[in-house]
2 protein chains.
Amino acid sequence: MGGDMESFVEVDAASHFPVQNLPYGVFSSKNADAKARVGTRIGDFVVDLAALHEAGLFEDAFDSSCFTHDCLNAFMGMGRSVWTQARKRLQQLLSKDEPKLRDDADLRARVLIPVSDVEMQLPAKIGDYTDFYASRQHATNVGTMFRGKENALPAAWMHMPIGYHGRASTVVKSGTAVRRPCGQVQKDPADPKQGSVYGACKLLDFELEMGVFVGPGNKLGSPIKIEDAEDHIFGFVLLNDWSARDIQKFEYVPLGPFGAKNFASSISPWVVTTDALKPFTAKTSAGEQNDPEPLPYLREPGYSTYDIRLEVAIQAEDIGPEPFRVCESNYRHMYWTHRQQLAHHTVTGCEMRPGDLLGSGTISGDEEGSFGSMLEICWKGTKPIQIKDGVERKFIKDDDTVIMTGWCEGEGYRVGFGECTGKILPAQPQ
Amino acid sequence: MGGDMESFVEVDAASHFPVQNLPYGVFSSKNADAKARVGTRIGDFVVDLAALHEAGLFEDAFDSSCFTHDCLNAFMGMGRSVWTQARKRLQQLLSKDEPKLRDDADLRARVLIPVSDVEMQLPAKIGDYTDFYASRQHATNVGTMFRGKENALPAAWMHMPIGYHGRASTVVKSGTAVRRPCGQVQKDPADPKQGSVYGACKLLDFELEMGVFVGPGNKLGSPIKIEDAEDHIFGFVLLNDWSARDIQKFEYVPLGPFGAKNFASSISPWVVTTDALKPFTAKTSAGEQNDPEPLPYLREPGYSTYDIRLEVAIQAEDIGPEPFRVCESNYRHMYWTHRQQLAHHTVTGCEMRPGDLLGSGTISGDEEGSFGSMLEICWKGTKPIQIKDGVERKFIKDDDTVIMTGWCEGEGYRVGFGECTGKILPAQPQ
């Protein structure tokens, strides 16, 4: 499925959504009270898959009534052979050589909806959300800032993809405004023993991540083996794991981040499938294999990830009409892959369910410009970003909008994620 | 609603389920294919609330169709005035002076089902599970073992109820067998820098906790204030937060416990309401107020908890026919109350939803016999429990069944939780 595929729907070469992509999402109509349902996207149109189902156009190849749901969980749970069938059928229906949809104006009007007429929803009911810490450069940067260069990586870091359980109820869709959190911050930033004061977070940050949606789950007590992990992975979204650095600093010993992370995590609405990403498979920046070699349950013959270009920009009144780009990174900067994360997550027998979300952890490259959080970019506030005369940023200010984007660059086309955005609203202290 | 209340259903004085209790649970019939539905319990009978609803016996005081659901989430979300109405109506219908149910043999046969004929289910679809660390003696014990007496409590401990996000998918109902997890444990227990080996957990432990089910939630970005917290709390269950101590030791820096906790947490099936627990309100062992005084958002005028007696026993072939009791504790041994936990959880604006579960953290008292985990009881394995000649325990062995129970002692009656049990199955290494 290369760049030579064409649809009768015109798609700009810079669009993230050519016929090679066909991500899945959940949408509702702005001007109708039809319930939320599943769609895919091509160019500037959402393709209503519930309408295609109702028109019988999936021809009973699988139970396509899952597209009438207000979440992707059922489809996610159906597994790879169904996903691949659905994708083939959609690419066929949208192809420039297929008259069924192309030449039926009435059907087209029901099925192809301009993106401006829809409101995107969360793609799935997320049972559990887990966040990893699996980019080596990010872990090294953070470790160096807080524990010094010699003790940068925790002892276990090179042996497993370290992760923690996150808060599923506060995973929000792109565009949701995020209230600056309040909580406890240290009286003396250098000494937690001096205690804390209550107040608004002063060091609010984004974390540039990819999110993985789990497809079929596993039975409680039965780990997912590394060689089977790929079949349990439905697709990817952009993820902004908002972080309150000062709240985190006081609370995180010994049980990890809690309030610093649970106020919001934003995700992009379109889930890009592994089938669409496959042509962009690439070695990770870490090389041919993890080094040192991990324990067998984490060893994968095809140690690889995807070449996904990632960018973060800030939009704000004092910055001007255009967003200001603060970092460029790439999903290749992962040390532990999403398959290794899934194998590690379930090695204890932990049950995964369709629609569970795994965050990659902040994705930072080797260069300064490729760091995936303000904490790293401005090195704990010591190196503010100079945006223009009198305008700088160390962390995220009230009314700033953080915009993440990501795409794979094909020959003459892109497979992309669109945007994941979130605006910070001023705190409302009690 | 004191001890003088009586039902036409005979209830033994030692029963956990007199008419003063009336907990809620979800059950299915063993010998019929009726779907799971909501019930309460009196003595040795489950009261089928879906059948009471269908018979019109709630008289439209509220929308009692929620009792036909296979989970309590809808009822939990309805709030205190509905909960109190439902309780009053049930106590009236079950009273010895009320003929409606008492004298209608046909209705009784549909509504009162012997407990031996039902299978209990998880009471709710748990959106998010959070575990706290809020008993001072437990935190002191664990801290002393791992960091020495001087550094026992982390800096933030006296300032907030420290907690972490847990895994909702693996909260299982009492009676579910639990597979001993595998994972990475340190090669050298004294030095994490020596790396790890893969294997079965050798230091498998229980944690004696209470679980709180959240009722009505809050809007994202709007904290629950401490003075309103009580109205967001539906009820309580027993909770065994299974823990793999050796896996935890290697993985937990810096993001907290992960695989060590995500393989299973068991809860008892009956949710005892705050209305039923109210007569057993008691000061915590910590005294009149938290000392030092916490920040205002955590300060509650009625700093109190409940006097709930708790016990843990182990049943195993080498122990004999009777379970061996390994600890007696009490829910009074909390430093941070469940209301403080809820206020802290949402101080950042974190959204709670009906059916969310909060674990109290291990409940340990001052005395050795009141410690709520094998880690503490046997002090890191240095003081095994001598059960009888040649039989001892340091941690939990394969095929051991851990049995937790808890009840409030009234005058001539008990309001109890029944049991929370789980049997450990041998590991299945990959």
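The second largest pocket has a volume of about 800 Å³. Its lining counts 35 residues. The model is predicted.

- Strand β8 (171–173) of chain A supplies at least two residues of the lining, and so does β8 (171–173) of chain B.
- The most comes from β8(A), which gives three residues to the lining.

**How the two chains are related**

- Chain B is superposed on chain A by a rotation of 180° with 0.0 Å of shift along the axis.
- The RMSD of that superposition is 0.0 Å.
- Gly256(B) comes closest to the rotation axis of the residues of chain B, with its C-alpha at 2.1 Å.
- Of the interface residues of chain B, 100% are also interface residues in chain A, so the copies meet through the same surface.

**A buried helix in chain A**

- Helix α9 of chain A covers residues 338–346.
- Nine of its nine residues are buried, so this helix is largely enclosed by the rest of the structure.
- The buried residues of α9(A) include three histidines: His338(A), His344(A) and His345(A).
- Arg339(A), Gln340(A), Gln341(A), Leu342(A), Ala343(A) and Thr346(A) are also among the buried residues of α9(A).
- What do the buried residues of α9(A) pack against? They pack against strands of chain A: β6 (129–132), β7 (163–165), β13 (208–214), β14 (233–240), β19 (305–306) and β22 (357–359).

**Aromatic rings**

- The whole structure holds 38 aromatic pairs, counted over all chains.
- One of them joins Phe62(A) and Phe67(A). The centres of these rings are 6.0 Å apart. The planes stand at 90°, so the pair is edge-to-face, the term for planes over 60 degrees apart.
- Phe62(A) has a relative accessible area of 10%, so it counts as buried under the 20% cut-off.
- Phe67(A) is buried too, at 0% relative accessibility.
- Both Phe62(A) and Phe67(A) belong to one aromatic cluster, together with Tyr24(A), Phe58(A), Phe75(A), Trp83(A) and Phe234(A).

**Lysines over rings**

- In chain A, Lys380(A) lies over the face of Phe146(A), at 5.0 Å from the ring centre.
- In chain B, Lys380(B) lies over the face of Phe146(B), and the distance to the ring centre is 5.0 Å.

**Cis peptide bonds**

- Asp291(A) and Pro292(A) are joined by a cis peptide bond, with omega near 5°.
- Pro292(A) sits in the loop between β18 (281–282) and β19 of chain A.
- In chain B, the peptide bond between Val253(B) and Pro254(B) is cis, with omega about 5°.
- The loop between α7 (245–251) and β16 (265–267) of chain B holds Pro254(B).

- Trp379(A) is not a glycine, yet its phi is positive, at about 45°.
- Trp379(A) is found in the loop between α10 (374–377) and β23 (385–388) of chain A.
- Is Trp379(A) buried or partly exposed? Trp379(A) is partly exposed, with a relative accessible area of 27%.
- Glu59(B) also has a positive phi, near 50°, and is a residue other than glycine.
- Glu59(B) belongs to the loop between α1 (49–54) and α2 (73–78) of chain B.
- At 51% relative accessibility, Glu59(B) is exposed, because the cut-off is over 50%.

**A buried tryptophan in chain B**

- Trp157(B) lies in the loop between α6 (136–147) and β7 (163–165) of chain B.
- Trp157(B) is buried, at a relative accessible area of 0%.
- Not counting residues up to four places away in sequence, Trp157(B) touches Tyr133(B), Ala134(B), Ser135(B), Arg136(B), Ala139(B), Ile162(B), Tyr335(B) and Trp336(B).
- Between Trp157(B) and Thr401(B) there are 33 Å in space, C-alpha to C-alpha. In sequence these two are 244 residues apart.

Key. Residues numbered from 1 in each chain as written. Chains lettered and ligands numbered in written order. Predicted model: local features only at pLDDT ≥ 70, side-chain atom pairs only at ≥ 80, totals over all residues. Heavy atoms only, no water. Phe/Tyr/Trp six-rings, centres within 6.5 Å; stacked < 30°, edge-to-face > 60°. Buried < 20%, exposed > 50% of the residue type's maximum accessible area, 1.4 Å probe, protein only. Lys NZ or Arg CZ within 6 Å of the ring centre and 35° of its normal. Least-squares fit on C-alpha atoms with pLDDT ≥ 70 in both. Contact = heavy atoms within 4.5 Å. 1 Å grid on protein atoms, 1.4 Å probe; cavity = no way out; pocket = protein on both sides within 12 Å on 5 of 7 lines; lining within 4 Å. Points joined across faces, edges and corners; volume = space filled by probe spheres on them. Helix = DSSP H or I, 4+ residues; strand = E, 2+ residues; numbered from the N terminus.
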